[in-house]
Amino acid sequence: MPIFSMTQPDARISELTARLTALERERAEIVAKINALRSVQNERTAAVKVVPSGRTGDPTDRHSPIEKKIALFRRVFRGRPDVFPIRWENRTTGRSGYAPACANEWQRGICEKPKVKCSVCPNQAFPAVDDLSIERHLRGTDANGAPFVMGVYPMLADNTCSFLAADFDEGEWQRDAFAFRDACVRHGIPVAIERSRSGNGAHAWIFFEEPIPAATARRLGAFLITDTMERVPDIGFGSYERSVPSIQCQQVGSAT
(Lines give C-alpha, C1' and ligand atoms only; values in the text may rest on other atoms or scores of the structure.)
Protein backbone atom coordinates (compact mmCIF):
# COMPACT_ATOMS: atom_id res chain seq x y z
CA MET A 1 0.00 0.00 0.00
CA PRO A 2 1.50 3.32 -1.01
CA ILE A 3 2.19 5.82 1.71
CA PHE A 4 1.69 9.52 1.04
CA SER A 5 2.97 12.38 3.19
CA MET A 6 0.76 15.44 3.77
CA THR A 7 2.10 18.35 1.80
CA GLN A 8 1.89 22.00 2.96
CA PRO A 9 -1.13 22.71 0.69
CA ASP A 10 -2.90 19.65 2.07
CA ALA A 11 -2.32 20.86 5.64
CA ARG A 12 -3.59 24.31 4.73
CA ILE A 13 -6.70 22.82 3.12
CA SER A 14 -7.38 20.77 6.24
CA GLU A 15 -6.93 23.83 8.43
CA LEU A 16 -9.28 25.94 6.34
CA THR A 17 -11.83 23.12 6.16
CA ALA A 18 -11.82 22.83 9.93
CA ARG A 19 -12.29 26.60 10.26
CA LEU A 20 -15.12 26.52 7.74
CA THR A 21 -16.83 23.73 9.68
CA ALA A 22 -16.54 25.74 12.89
CA LEU A 23 -17.91 28.85 11.18
CA GLU A 24 -20.85 26.90 9.76
CA ARG A 25 -21.59 25.51 13.20
CA GLU A 26 -21.42 29.03 14.70
CA ARG A 27 -23.65 30.36 11.91
CA ALA A 28 -26.23 27.66 12.62
CA GLU A 29 -26.20 28.57 16.33
CA ILE A 30 -26.63 32.28 15.55
CA VAL A 31 -29.50 31.58 13.15
CA ALA A 32 -31.19 29.47 15.82
CA LYS A 33 -30.83 32.30 18.36
CA ILE A 34 -32.21 34.84 15.86
CA ASN A 35 -35.20 32.60 15.16
CA ALA A 36 -35.79 32.20 18.90
CA LEU A 37 -35.69 35.98 19.40
CA ARG A 38 -38.07 36.48 16.49
CA SER A 39 -40.42 33.95 18.00
CA VAL A 40 -40.36 35.84 21.31
CA GLN A 41 -40.81 39.10 19.44
CA ASN A 42 -43.86 37.78 17.60
CA GLU A 43 -45.32 36.44 20.85
CA ARG A 44 -44.63 39.73 22.56
CA THR A 45 -46.06 41.85 19.76
CA ALA A 46 -49.27 39.87 19.86
CA ALA A 47 -49.51 40.07 23.66
CA VAL A 48 -48.34 43.59 24.37
CA LYS A 49 -51.20 46.03 24.00
CA VAL A 50 -51.81 49.23 25.85
CA VAL A 51 -54.58 48.98 28.39
CA PRO A 52 -57.42 51.23 27.14
CA SER A 53 -56.84 54.59 28.76
CA GLY A 54 -60.04 56.33 27.77
CA ARG A 55 -58.36 58.47 25.13
CA THR A 56 -61.27 57.80 22.80
CA GLY A 57 -64.91 58.28 23.58
CA ASP A 58 -65.00 59.53 27.16
CA PRO A 59 -61.40 60.34 28.20
CA THR A 60 -60.09 60.26 31.75
CA ASP A 61 -58.15 63.41 32.59
CA ARG A 62 -57.36 65.66 35.54
CA HIS A 63 -60.91 67.03 35.51
CA SER A 64 -62.56 63.60 35.69
CA PRO A 65 -64.28 62.52 38.94
CA ILE A 66 -62.08 60.68 41.41
CA GLU A 67 -64.03 57.43 40.91
CA LYS A 68 -63.06 57.39 37.25
CA LYS A 69 -59.42 58.10 38.03
CA ILE A 70 -59.34 55.27 40.54
CA ALA A 71 -60.88 52.88 38.01
CA LEU A 72 -58.23 53.82 35.45
CA PHE A 73 -55.48 53.43 38.03
CA ARG A 74 -56.70 49.96 38.99
CA ARG A 75 -56.91 48.90 35.35
CA VAL A 76 -53.40 50.03 34.46
CA PHE A 77 -51.33 49.31 37.59
CA ARG A 78 -52.50 45.79 38.28
CA GLY A 79 -50.39 43.95 40.86
CA ARG A 80 -50.96 41.88 43.97
CA PRO A 81 -54.38 42.82 45.38
CA ASP A 82 -53.72 41.50 48.90
CA VAL A 83 -50.76 43.69 49.87
CA PHE A 84 -49.02 46.86 48.75
CA PRO A 85 -45.95 48.83 49.82
CA ILE A 86 -45.84 52.44 50.96
CA ARG A 87 -42.92 54.85 50.84
CA TRP A 88 -41.08 55.78 54.02
CA GLU A 89 -38.47 58.45 54.57
CA ASN A 90 -36.12 59.10 57.48
CA ARG A 91 -35.57 62.84 57.58
CA THR A 92 -32.68 62.46 59.99
CA THR A 93 -30.61 60.14 57.81
CA GLY A 94 -32.13 61.07 54.46
CA ARG A 95 -32.77 57.42 53.70
CA SER A 96 -36.00 56.31 52.03
CA GLY A 97 -37.57 53.16 50.65
CA TYR A 98 -40.71 51.07 50.55
CA ALA A 99 -42.18 48.64 53.08
CA PRO A 100 -45.46 46.68 53.13
CA ALA A 101 -48.38 48.68 54.50
CA CYS A 102 -49.42 47.06 57.78
CA ALA A 103 -52.15 47.91 60.28
CA ASN A 104 -49.84 46.78 63.10
CA GLU A 105 -46.85 48.87 62.09
CA TRP A 106 -44.99 50.26 65.15
CA GLN A 107 -47.68 48.95 67.52
CA ARG A 108 -45.96 48.40 70.86
CA GLY A 109 -45.71 44.73 71.77
CA ILE A 110 -46.83 43.67 68.29
CA CYS A 111 -44.48 45.21 65.73
CA GLU A 112 -40.82 44.37 66.23
CA LYS A 113 -39.28 46.23 63.30
CA PRO A 114 -36.46 46.44 62.45
CA LYS A 115 -35.46 43.35 64.43
CA VAL A 116 -38.10 41.25 62.66
CA LYS A 117 -38.64 41.70 58.94
CA CYS A 118 -42.19 42.26 57.70
CA SER A 119 -41.95 39.22 55.43
CA VAL A 120 -41.54 36.85 58.39
CA CYS A 121 -43.49 38.73 61.06
CA PRO A 122 -46.17 36.54 62.74
CA ASN A 123 -48.33 39.62 63.32
CA GLN A 124 -48.74 40.68 59.72
CA ALA A 125 -51.88 42.73 59.08
CA PHE A 126 -51.46 43.73 55.46
CA PRO A 127 -54.46 45.68 54.12
CA ALA A 128 -55.68 44.86 50.64
CA VAL A 129 -55.48 47.38 47.84
CA ASP A 130 -58.65 49.45 48.10
CA ASP A 131 -60.11 52.59 46.55
CA LEU A 132 -59.33 54.67 49.65
CA SER A 133 -55.61 53.88 49.48
CA ILE A 134 -55.52 54.63 45.76
CA GLU A 135 -57.30 57.94 46.33
CA ARG A 136 -54.79 58.89 49.01
CA HIS A 137 -51.97 58.01 46.62
CA LEU A 138 -53.46 60.13 43.84
CA ARG A 139 -53.90 63.05 46.24
CA GLY A 140 -50.46 62.48 47.75
CA THR A 141 -51.54 62.62 51.41
CA ASP A 142 -53.18 60.39 53.98
CA ALA A 143 -56.11 61.23 56.29
CA ASN A 144 -53.79 63.27 58.54
CA GLY A 145 -52.26 65.25 55.69
CA ALA A 146 -48.97 63.34 55.82
CA PRO A 147 -47.27 62.34 52.53
CA PHE A 148 -48.66 59.09 51.17
CA VAL A 149 -47.08 57.25 48.24
CA MET A 150 -47.95 53.66 47.45
CA GLY A 151 -46.17 51.17 45.26
CA VAL A 152 -47.15 47.87 43.73
CA TYR A 153 -45.90 44.30 43.89
CA PRO A 154 -46.21 43.40 40.20
CA MET A 155 -45.51 39.66 40.47
CA LEU A 156 -48.74 37.73 40.95
CA ALA A 157 -49.04 34.35 42.67
CA ASP A 158 -48.93 32.52 39.32
CA ASN A 159 -45.71 34.32 38.29
CA THR A 160 -47.44 36.61 35.81
CA CYS A 161 -47.46 40.39 35.60
CA SER A 162 -49.48 43.12 33.90
CA PHE A 163 -46.76 45.62 33.06
CA LEU A 164 -43.07 46.12 32.44
CA ALA A 165 -41.16 49.16 33.74
CA ALA A 166 -37.61 50.21 32.85
CA ASP A 167 -35.87 52.59 35.25
CA PHE A 168 -33.35 55.20 34.05
CA ASP A 169 -31.39 57.27 36.59
CA GLU A 170 -28.31 59.48 36.51
CA GLY A 171 -25.92 59.62 33.57
CA GLU A 172 -27.54 60.44 30.23
CA TRP A 173 -30.94 59.28 31.47
CA GLN A 174 -32.94 61.56 29.16
CA ARG A 175 -31.16 60.42 26.02
CA ASP A 176 -31.26 56.77 27.07
CA ALA A 177 -34.94 56.82 28.03
CA PHE A 178 -35.96 58.35 24.70
CA ALA A 179 -33.70 55.97 22.79
CA PHE A 180 -35.51 53.13 24.56
CA ARG A 181 -38.82 54.72 23.59
CA ASP A 182 -37.69 54.82 19.95
CA ALA A 183 -36.87 51.10 20.11
CA CYS A 184 -40.39 50.40 21.38
CA VAL A 185 -41.87 52.49 18.57
CA ARG A 186 -39.82 50.59 15.96
CA HIS A 187 -41.32 47.33 17.17
CA GLY A 188 -44.86 48.65 17.48
CA ILE A 189 -44.90 48.51 21.28
CA PRO A 190 -46.81 51.30 23.04
CA VAL A 191 -44.74 52.86 25.83
CA ALA A 192 -45.28 55.72 28.29
CA ILE A 193 -42.36 57.79 29.65
CA GLU A 194 -42.71 59.26 33.15
CA ARG A 195 -40.35 61.63 34.97
CA SER A 196 -39.20 60.08 38.24
CA ARG A 197 -39.90 61.53 41.70
CA SER A 198 -36.39 62.99 42.00
CA GLY A 199 -36.62 64.75 38.66
CA ASN A 200 -33.29 63.18 37.68
CA GLY A 201 -34.57 60.06 36.02
CA ALA A 202 -37.41 58.46 34.12
CA HIS A 203 -39.57 55.34 34.03
CA ALA A 204 -40.62 53.70 30.78
CA TRP A 205 -43.91 51.83 31.20
CA ILE A 206 -45.27 49.07 28.96
CA PHE A 207 -48.74 47.87 29.95
CA PHE A 208 -50.16 44.49 28.95
CA GLU A 209 -53.80 43.98 28.13
CA GLU A 210 -53.72 40.70 30.04
CA PRO A 211 -51.23 39.26 32.57
CA ILE A 212 -48.35 37.43 30.89
CA PRO A 213 -45.56 35.25 32.34
CA ALA A 214 -43.03 37.45 34.14
CA ALA A 215 -40.24 35.60 32.35
CA THR A 216 -41.69 36.70 29.01
CA ALA A 217 -41.88 40.30 30.26
CA ARG A 218 -38.23 40.18 31.34
CA ARG A 219 -37.18 38.77 27.96
CA LEU A 220 -39.10 41.59 26.29
CA GLY A 221 -37.26 44.17 28.38
CA ALA A 222 -33.87 42.58 27.66
CA PHE A 223 -34.67 42.46 23.94
CA LEU A 224 -35.61 46.15 23.83
CA ILE A 225 -32.55 47.24 25.83
CA THR A 226 -30.25 45.17 23.58
CA ASP A 227 -31.93 46.47 20.43
CA THR A 228 -31.51 50.06 21.63
CA MET A 229 -27.82 49.60 22.37
CA GLU A 230 -27.17 47.91 19.01
CA ARG A 231 -28.76 50.78 17.09
CA VAL A 232 -27.15 53.54 19.17
CA PRO A 233 -23.62 52.22 19.80
CA ASP A 234 -22.45 55.20 21.86
CA ILE A 235 -25.09 54.50 24.49
CA GLY A 236 -23.55 52.61 27.37
CA PHE A 237 -26.73 52.76 29.45
CA GLY A 238 -24.94 54.04 32.50
CA SER A 239 -28.33 55.41 33.49
CA TYR A 240 -30.18 52.10 33.15
CA GLU A 241 -30.78 50.73 36.62
CA ARG A 242 -33.28 47.89 36.38
CA SER A 243 -36.46 46.59 34.91
CA VAL A 244 -39.55 45.48 36.74
CA PRO A 245 -40.70 42.70 37.39
CA SER A 246 -37.09 41.75 38.05
CA ILE A 247 -37.73 43.14 41.53
CA GLN A 248 -40.82 42.91 43.71
CA CYS A 249 -41.76 46.55 44.21
CA GLN A 250 -42.26 49.52 41.95
CA GLN A 251 -43.50 53.03 42.63
CA VAL A 252 -46.64 53.67 40.61
CA GLY A 253 -47.98 56.74 38.86
CA SER A 254 -48.30 59.84 40.98
CA ALA A 255 -51.04 62.38 41.52
CA THR A 256 -52.99 63.85 38.64
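Predicted model: local features only at pLDDT ≥ 70, side-chain atom pairs only at ≥ 80, totals over all residues.

In which sense do strand β1 and strand β2 pair, and over how many bridges? I find them antiparallel, with five bridges between residues 85–89 of β1 and residues 96–100 of β2. Pairing here takes at least two bridges found by DSSP. Helices (H or I, at least four residues) and strands (E, at least two) are DSSP runs, numbered from the N terminus.

Residues are numbered from 1 along each chain as its sequence is written, and side-chain values use heavy atoms, with hydrogens and water left out.

**Hairpin.** I looked up W88 and got G97 in β2 as its bridge partner. β1 and β2 make a hairpin with six residues between them. In that turn, G94 has a positive phi of about 85°.

**Overall layout.** I count five helices and eight strands in the protein. Read from the N terminus, the order is α-α-β-β-α-β-β-α-β-β-α-β-β.

**Helix α2.** Which residues of α2 (66–76) are buried? I get I66, K69, I70, L72, F73 and V76. They sit on the same side of α2, because they cover an arc of only 160° around the axis; the arc is taken from the directions from the helix axis to the C-beta atoms.

**Cores.** I looked for nonpolar cores, which are sets of buried Ala, Val, Leu, Ile, Met, Phe, Trp, Tyr and Cys residues joined through side-chain atoms within 4.5 Å. The largest has 21 residues, and F168, F180, I206, F208 and L224 touch the most other members. β4, α4 (173–186), β6 and α5 (214–231) are the elements that give two or more residues to this core. α5 gives the most, with six. A second, separate core has 19 residues, including I86, I134, F148 and F207.

**Aromatics.** How many aromatic pairs does the whole structure hold? My search gives eight. Rings of Phe, Tyr and Trp (its six-membered ring) pair if their centres lie within 6.5 Å; planes under 30 degrees apart are stacked, over 60 edge-to-face and the rest tilted. F77 and F163 have ring centres 6.4 Å apart and planes at 75°, so I log them as edge-to-face. F77 is in the loop between α2 and β1 and F163 in strand β4, so this pair ties together parts 86 residues apart in sequence. F163 is buried at 0% relative accessibility, and F77 is buried at 16%. The rings of F77 and F207 are also edge-to-face, with centres 5.5 Å apart and planes at 90°. F207 lies in strand β6, so that pair ties together parts 130 residues apart in sequence. F73, F77, F163, W205 and F207 form one aromatic cluster.

Notes
Buried < 20%, exposed > 50% of the residue type's maximum accessible area, 1.4 Å probe, protein only.
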